[in-house]
Amino acid sequence: MNILNLDGSWEFRKGGDTSWLPATVPGCVHTDLLIANQIPDPYYRDNENEVKWIGETTWTYKKNFNVSAEFLQQSKVLLHCESLDTLSTISINGQEIGKTDNQFRAWEFEVKNVLRPGENEIQIYFDSALKYGQARLKERYIHSWSTDTHKLPGGNYVRKSQCNFGWDWGPKLVTCGVLGQIQLIGLDIARLDDVYIRQNHGKDKVELVVDIKAEVLAKKSLKAKVSITYEGDDITSEDITLSKGVGQVAVTIDNPLLWWPNGMGEQPLYKVDIQLFDKDLLLDSFTKSIGLRILNLVRNEDQWGESFHFECNGVPFFAKGSNWIPADTFITRVSEQDYIRLLQAARDSHHNMLRVWGGGIYEPDIFFNICDQMGITVWQDLMFSCATYPTFDDEFMSTVEEEARQQVKRIRHHASLALWCGNNELEQGLVGDTWSDITMSWDNYEKLFDKLLPEIVAELDPQTDYWPGSPHSPLGDRLDWKNPKWGDTHIWDVWHGMAPFEFYRTCSHRFVSEFGFQSFPEPRSIQSFTIQSDHSINSPIMEYHQRSHNGNASIIHYMLDWFHLPTDFDHQIVLSQILQGVAIKYAVEYWRCSMPRTMGALYWQLNDCWPAASWASIDYYGRWKALHYMARHFFAPLQITGIENRDTGSVEIYIINDFQEGSEGIVRWKLMTANQGEVIQYGDLSVKIPGLSSSRVERLEFKEQLQSYGKNNLLLVLQFEMNDEIVSENYIFFCRPKQLNLQNPEIRVKVNNHQLIISAEKPALWVWADLDVDVPLSDNFFHLAPGDERVIEIPDSLDKKELQKGKNIFSLWDTYQGHSFPSKSTITRRSSSSR
Ligand code: BMA
């Protein structure tokens, strides 16, 4: 097999133009126009409006390339396109060779007869996906959510990233272009077409059954070699003779090192090399990294209905994590470093699962490789979201079938893959008995999500479970996705329904695959898309970078409920993040206490695709919001928490232990005044906590104390200590933080080599360091009682003398004072170093 790469320098032009501009492949029309200085940054202020025309226009890409006479002597020459966005017509030397209609699948065309030795030209013409979708809608309307506000209509007719048409956290920037590798492949004898590795786990061994399929062009006796290595050491290898290009071989790994999700063990990865030979001539090879594990969704009848939890190697685990969206609207800009940074952040905050949400993209191999290495299991939606789909159209069904086949084959060997899920939120009101203004018919729904897709998964990846949609109610009424007895659910009563955070604690669902609360991105990130006069929550630009229907007013509504509204813009921004953290912590801790009834909490959402107000815990520039720091604590494998009753003053103390082994330690608690931090009462108890459990270890009653001190002057501090070390700490309030009788905490800062040592004279809540650095700090947004010291590791680059002054350290008390932040650094626009 010979490969001629056609990536790199291309040219492009708008339909109707005569001159060409330089382009880069892989890339897209927006990134090419940006590099060619033809458009302003679409993420800056309201520039998105000025570049709307791009998605309504046709575009042509072209490249001249040389092919040798020798290359053309091969018996087959294919043009291989990894991902074309989306509706394209490809021609070589003026002759049309094919059309494409699906961004999510690779395309191959035989091109030998159109190529000539020497110079050739390829042109790819892209139709407007937007106009196409809209024309189809006119022929037959099929519904999609919120077409009037944040989303352009018609995307559900096109197999293209659905959020490219806009979403309630993302811009309406409809791209086109060559998104993946493009190459000529020359073949003579044969190439590997498909390799499937099945794992059979036995006692102290794992058998790998490897199915090999080759595409054969010439009648030869083909052989394959399968070799397994671990960290460079040979484990085993087998040779096999293929018959008609097909063969199966089984190899055994003795004393296997098992792969575990983050927090449960290591992530050893074995390398499986498959080489295809004609006698001694190497024709083709594949390498796959695999983890030896059994990873399943377990659904058994139980006392509450039907379980819904994941198990790895027979060990159940509570899924802790969030939902993943594309990390940039212009997806080819997301670098390996960006993926590493985001996934490392997920790992560092104890995520063991990410849900790749169905309105984005099937992420590239690098994403899954990193998830494998970091132990982050993946709930993989197929790419259908919040819309009805034209399953009545045979062409649509056949391109979807090919897309699903290719994606299942590409992703199935990854250790991190936990589940295939048909779609996002179609069963949440978009399906009915018949087609209507808002629904598709059940018949048409079932055709795709109950038949075609599960059949493909069963055929190509029988070791991974399939779930038709998220949310889905597997028993009883299928539309009853809010029921707490079975299935997964999305809880949006908080935020979309404007319910108070307390609503979360009325929910005992089996697995919460979405719930969320918005905040603003980091002040420095806001500076990247605004000018000074935009710095007000309801300025047109701040509202423009907010796509949720209930908008910035919702953040302020909840802020007024929980906190005082700061007068200063930057304080409002940071407080919105604290508020978001409070909401998600409030929910997660309750659900973790409810295990094993509830066995998963994936908050909406981990990341952003542009700088905007959103539910993300990490903003577009990779900066951690308060929520992400808090997740480090509320997702920690050993956690102490309390479920309080603010009326009666009772607090039930829970210890959550995600480890398989039991833990022994001391629970310490102290009740103190909020104004002075004076300890009113304290206690401790020794506890033994079983593994994989949440245990209620104590119930405290503070009725009298509430009466004598007032709810607004009491804080309960809980600590779990093991081997003289505090492994978990939590604060419980008996009123909203705005009602607390806080005083100036008199924060003290010491600077010591690479550390900031922070303490306070009086209780300090949600203490944060605003350090103008782009690396996550070792801790932030924590509470301090008098006598506590918190140490933050700091980078060398910071001016220690300045830090000593303590001007960069804030706490909730500051947000109540109308103080200004110290002046910020100059505007940081997006640059490679800032992501
Ligand atoms: C859910 C998701 C997304 C959406 C989010 C916030 O419904 O599936 O479609 O962005 O809520 O509204």
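A pocket is an open set of grid points with protein on both sides within 12 Å along at least five of seven lines. With that in mind, welcome to this predicted model! Here we look at its second largest pocket, which holds about 910 Å³ of space, then at its cavities, and finally at a pair of helices, H5 and H6.

**The second largest pocket**
- The lining of this pocket is made by 39 residues, and His633, Glu729, Asn730, His783 and Arg790 are the ones nearest its centre.
- Helices H12 (569–593) and H13 (626–634) each give two or more residues to this lining, as do strands S35 (638–645), S41 (725–733), S45 (782–784) and S46 (789–793).
- Strand S41 supplies the largest share, with nine residues.
- Sorted by class, the lining has 15 nonpolar, 11 polar and 13 charged residues.

**The cavities**
- Around the largest cavity sit 22 lining residues, with Glu522, Arg524, Trp624, Tyr629 and Asn780 nearest its centre.
- Helix H9 (523–527) and strand S44 (764–769) are the elements that give two or more residues to that lining.
- The lining of the largest cavity counts 13 nonpolar, two polar and seven charged residues.

**Helices H5 and H6**
- The axes of H5 (residues 336–348) and H6 (residues 365–374) come within 10 Å and cross at roughly 35°, in a right-handed crossing.
- Residues making the contact include Tyr339 and Leu343 of H5 and Phe367 and Ile370 of H6.
- By class, the contact residues are eight nonpolar, two polar and two charged.

Terms used
Residues numbered from 1 in each chain as written. Predicted model: local features only at pLDDT ≥ 70, side-chain atom pairs only at ≥ 80, totals over all residues. Heavy atoms only, no water. 1 Å grid on protein atoms, 1.4 Å probe; cavity = no way out; pocket = protein on both sides within 12 Å on 5 of 7 lines; lining within 4 Å. Points joined across faces, edges and corners; volume = space filled by probe spheres on them. Helix = DSSP H or I, 4+ residues; strand = E, 2+ residues; numbered from the N terminus. Nonpolar A, V, L, I, M, F, W, Y, C, P; charged D, E, K, R; others polar. Axes fitted to C-alpha atoms, helices over the stretch in contact; angles between N-to-C directions. Left-handed = near helix turned anticlockwise from the far one by under 90°. Contact = heavy atoms within 4.5 Å.
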